[in-house]
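User: Please work through the structure below with me, one topic at a time.

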Amino acid sequence: GHRRFFCETNAMADGAPTSLDEPLIRLGRRRLQPTETVARTEATQQRDALLPFVVISSTYLLFTITDGALRMIVLLHAYRKSFTAMEVTLMFVLYELAGVGTNLAAGIAGARWGIRATLVTGLLLQIVTFGLLFGWEDGWSKSQAILYVTGVQLFGGVAKDLTKLGGKTVTKLVTPEEKETQLFKLVSLLTGWKNSLKGVGYFLGSWLIGISYGLALGAMMALVLLALPMAYFGLDPQLGVSPSPGRLRLSDVFDRSNPNLNWLSLARLFLFASRDFWFEVPLPFFLRSPSCASIGGFCATDDECPAATECAAFNASVGGNGTCVNANPGGGCGGVAWSRVLVGSVLGGYIILYGQFQALTPQLVTGPLGQTPPNKLTEVLWGLVNCLPTLTMAAVAFALSADQDRSSAAVIGWILAAVISFALIFAVNSSIHSYLVVHYAKKEKVAASVGFYYMSNAVGRLFGTLGSGFLYTYVGDDFGDDAGRDGLRGLGACFVAGTASSLLAALITVKIDDDEAGVRCGPLVCIAPRDRAASSRSGEDGAADGGGE
């Protein structure tokens, strides 16, 4: 028996078939050669590397639907209760402010305890947010409601940024260092689909709240519960953990040795403020508000008044008739009186268009123009282009606000043109930014680096949101308590602020040291590549000449 074992072992070593090989031969299989074993091992490693991407992306995308719905549910419910734009923006202060602290802490937490811990915590906090919003009572005063909803939104803001950390860092962790173009495409794809599904959330939130406030909250809680098991059971607890977590401090997030990331973060602040100065609160308020000309007519019931207006109580001074007044004077007049669902469809459509175009930016824009992978010059170029839609719409808004006989069709046409054009251009900017942050981040500190960058994003959103509420509420002629202020002029002021923010973002990006590759505009070379080595040699030669003197 021992002799037979050694003979069969020697035969296998020589590659000859033996009785142990016969079952494999009968099944049409053969022993793997060393090169095939290596190939299969690499394939297994690639599959294992992509599994976290699939799990985190799926969880992140489901969460994003609920995040978009949350904003529309709160905003439209508050508009129905006659809150002003400024009052609604106050409700979102802690939501946006939470992103500042959360992105800093989440970057360190992700590096210490892994992406799974931050992702699961974010999902649980989102459930808490929707649960607490059930407590918003109709009988509360405005002050009570603002305090309560603002506090609840703190949990939603923390949840959003904890979840976003996983979605943004996993692309860096699964992409090899040498494959920067692949990284750009992967980041663009995930970010694009994330924004598209956030648009779906805008639509679902506005549609469901038209049926029932409670139904809208319950449906979104169910989606978060669907995502939670995937995050907990599908991820390795060590994913994203820094190799030296004991040395990570808050000061590591403010990495002074990475000036490119710091300048990009500051530019990000103004880039997102350029959108939130007019999109998040002023635009839906304007679309919901009635035209100023529709206010003041006589009526007996609400049915006799135009959309977004209501018949005021009996008024003897006008011959026994009531008068049609703005249903929410704090929201201004001069708009188009669209329904909740239609407003949600416009905002959701913007985000879906923006998201899909963002996902296709490498294929449709930067690729054909020879700008893939992009650098700082690419972003400066597109940052300046980003000024054009809001600048145009600001001029149009002020011109139309002076025309008391303006048609609603003209207003709608110009606004939709601005929304569509801005969505496409902003998508290119956001896609480039999302790539540059993971490109500039140090791999061993990717969670902390991305956290700092998105902290700046949160500051920009807060700055834009607060500024938009102030400008929309207080700019424009006051037409009295029954009508409110001229919303179109307020919206125009918001577009001016958005244009200034876009310009600042582009100018700040100039400070980044990443222009060796130059920038192409299709067949044309807009800025020629810079030879850093030659410049360095030239500087050394000049120094040597000076020393000789």
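User: Buried or exposed: which describes Cys-305 and Cys-324?

Analyst: The model is a predicted one, in which local features need pLDDT of at least 70 and side-chain atom pairs count only at pLDDT 80 or more, whereas totals for chains, interfaces and linings use all residues. Residues are numbered from 1 along each chain as its sequence is written, and side-chain values use heavy atoms, with hydrogens and water left out. The classes rest on relative accessible area: buried is under 20%, exposed is over 50%, and partly exposed lies in between (1.4 Å probe, protein chains only). By that scale Cys-305 and Cys-324 are both buried.

User: Right-handed or left-handed: which is the disulfide of Cys-305 and Cys-324?

Analyst: Cys-305 and Cys-324 are joined by a disulfide (a pair of cysteine sulfur atoms within 2.5 Å), S to S 2.2 Å. This pair links distant parts of the chain, 19 residues apart: Cys-305 is in the loop between β1 and β2 (309–311), and Cys-324 is in strand β3. Helices (H or I, at least four residues) and strands (E, at least two) are DSSP runs, numbered from the N terminus. The torsion about the S-S bond is about -90°, so the disulfide of Cys-305 and Cys-324 is left-handed.

User: How many residues apart in sequence are the parts tied together by Cys-292 and Cys-333?

Analyst: Cys-292 and Cys-333 are both buried. With a torsion about their S-S bond of about 85°, the disulfide is right-handed. A disulfide joins the two at 2.1 Å, S to S. Cys-292 lies in the loop between α12 (282–288) and β1 (298–299), and Cys-333 in the loop between β3 (322–326) and α13, so the parts tied together are separated in sequence by 41 residues.

User: Numbering the bonded cysteines of the protein in sequence order, what is the pairing?

Analyst: The count comes to 4 disulfides. One of them is formed by Cys-521 and Cys-526, with sulfur atoms 1.8 Å apart. Cys-521 is partly exposed at 23% relative accessible area, and Cys-526 is partly exposed at 40%. In sequence order, the bonded cysteines have the pairing 1-6, 2-4, 3-5, 7-8.

User: What is the relative accessible area of Asp-138?

Analyst: Asp-138 forms a salt bridge with Lys-81, the closest N and O atoms being 2.5 Å apart; the term requires a side-chain nitrogen of Lys or Arg within 4 Å of a carboxyl oxygen of Asp or Glu. Asp-138 lies in the loop between α6 (115–133) and α7 (142–174) and Lys-81 in the loop between α3 and α4 (85–91), so this pair ties together parts 57 residues apart in sequence. Asp-138 is exposed, and its relative accessible area is 59%.

User: Which residues do salt bridges that share partners join into one network?

Analyst: Among the 10 salt bridges counted, Arg-71 and Glu-280 meet at 3.4 Å, N to O. That pair links distant parts of the chain, 209 residues apart: Arg-71 in helix α3 (residues 34–80) and Glu-280 in the loop between α11 (259–276) and α12. Arg-275 forms a salt bridge with Asp-276, the closest N and O atoms being 3.0 Å apart, and both Arg-275 and Asp-276 are buried. The salt bridges that share partners join into one network Arg-71, Glu-96, Arg-275, Asp-276, Glu-280 and Arg-461.

User: Leaving aside its neighbours within four places in sequence, with which residues is Ser-502 in contact?

Analyst: Ser-502 has its place in helix α19 (residues 487–509). Ser-502 is buried, with a relative accessible area of 1%, and Cys-387 also counts as buried, at 8%. Contact means heavy atoms within 4.5 Å. Beyond its neighbours within four places in sequence, Ser-502 is in contact with Phe-270, Ser-274, Gly-383, Asn-386 and Cys-387.

User: How far apart are the end C-alpha atoms of helix α13?

Analyst: The buried residues of α13 include Val-343, Leu-347, Tyr-350, Ile-351 and Tyr-354. The expected span of a helix is 1.5 Å times one less than its number of residues. For the 20 residues of helix α13 (residues 340–359) that span should be 28 Å, which agrees with the distance between its end C-alpha atoms, 28 Å.
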